[in-house]
Amino acid sequence: MATIKELLAYGKAQLEQSGNEYAQYERKVLLEEVLGCQYIYMLTHGDEHVPDEQAVRYKELIGRRLEHYPLQYLIGTAHFMDYTFIVNENVLIPRSDTEVLVEHADEILKSLLSKNDNHKEKISVLDLCCGSGCIGISLKLYHEKIALFLSDFSKKAIEVTEKNLQKYAIDASVFCGDLFAPLADRRFHMIVSNPPYIEHNIIGTLMPEVREYEPIKALDGGEDGLDFYRRIIKEASGYLNAGGYLMVEIGYNQGVSVVSLMEQAGFQEIQLKKDYAGLDRIVFGHL
């Protein structure tokens, strides 16, 4: 039987040979998943022998990672904001870029909640194109008093959303359908969305982890990447309360176009915000 130390060395060597710059980190995450223990245990019990069944499983996971299968799908979870979300091939893997959207939404919600003195009506938030639900659920975990709604076109994505809602024991309303179609005449104080926005002819150039395994329908924004923004921005006014906010994540080169679309739709005080890499990432405004 192989020892913990030997399996860690094997994982590191295999991943480094494939050019994985995070080999040191990923080999331990995968072994933690197989053994069900923390890395600190592995460091202090390096000579402990691992049952053959677990060793084989570990090597299988390393093999999948060498095929560029995403680490988050292998372990079934991804970190986002202060939380861990269940993920699989039916949803995009949450990324730090999207945390900027949550942070700005959080600031606006603080203001809306502070003005809601009479508490007769809950501040309502819709996470549109919700995927795993990480945006809306994070906001609900930060602000328990909001009424949360989530919607996605994919039934399989909604299944993941519901698992994350159950994980955090969150009460929310979940819908499945084409953008606003399943929402009837509901109105919201805030709509947040990370819609598909990659230009169609760019998808083939993305890193293999993305183009081969993440759901293409959650990535493909049409010829210029703006198909979903056109629809969301045009239709959003019919689903927002007076003064309600629309906040969307965008591609780094889409800021001017999305701001223009929001101006044409009558949104006010439109702002374009950058991510931590200094790239345009968020556009928001209110009616």
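E209 is buried, with a relative accessible area of 12% (buried means under 20%, exposed over 50% and partly exposed in between, with a 1.4 Å probe and protein chains only). This is a predicted model, in which local features need pLDDT of at least 70 and side-chain atom pairs count only at pLDDT 80 or more, while totals for chains, interfaces and linings use all residues. Residues are numbered from 1 along each chain as its sequence is written, and side-chain values use heavy atoms, with hydrogens and water left out.

Helices (H or I, at least four residues) and strands (E, at least two) are DSSP runs, numbered from the N terminus. R65 counts as buried too, at 10% relative accessibility.

In total, the structure holds 17 salt bridges. Another of them joins the side chains of E32 and K28, at 4.0 Å from N to O. These two sit four residues apart in helix α2, so about one helical turn separates them. E32 is buried at 18% relative accessible area, and K28 is buried at 18%. Over in helix α10 (residues 227–236), D227 and R230 are three residues apart, which again puts about one helical turn between them. Their side chains meet in a salt bridge at 3.3 Å, N to O. D227 counts as partly exposed, at 37% relative accessibility, and R230 is partly exposed at 37%. Shared partners also join E26, R65 and E209 into one salt-bridge network.

Now for the helix packing. α2 and helix α4 (residues 52–66) pack at an angle of about 140°, with their axes 10 Å apart. Axes here are lines fitted to C-alpha atoms, for helices over the stretch in contact, and angles run from 0 to 180 degrees between N-to-C directions. The two helices are therefore oblique to each other (under 35 degrees counts as roughly parallel, over 145 as roughly antiparallel, 65 to 115 as roughly perpendicular and the rest as oblique). From A23 to P208 it is 185 residues in sequence and 17 Å in space, C-alpha to C-alpha.

Helix α6 (residues 96–115) and helix α7 (residues 134–142) have axes that come within 10 Å and cross at roughly 40°. That makes α6 oblique to α7. Seven of the nine residues of α7 are buried, so the rest of the structure largely encloses this helix. Among the buried ones are C134, I137 and K140.

Two loops hold residues with positive phi. C129, in the loop between β3 (124–128) and α7, has a phi near 60°, a positive value in a residue other than glycine. C129 is buried, at 18% relative accessible area. A169 is found in the loop between α8 (155–167) and β5 (173–176), and its phi is near 50°, also positive in a residue other than glycine. A169 counts as exposed, at 72% relative accessibility. D171 lies in the loop between α8 and β5 as well, and is exposed at 66%.
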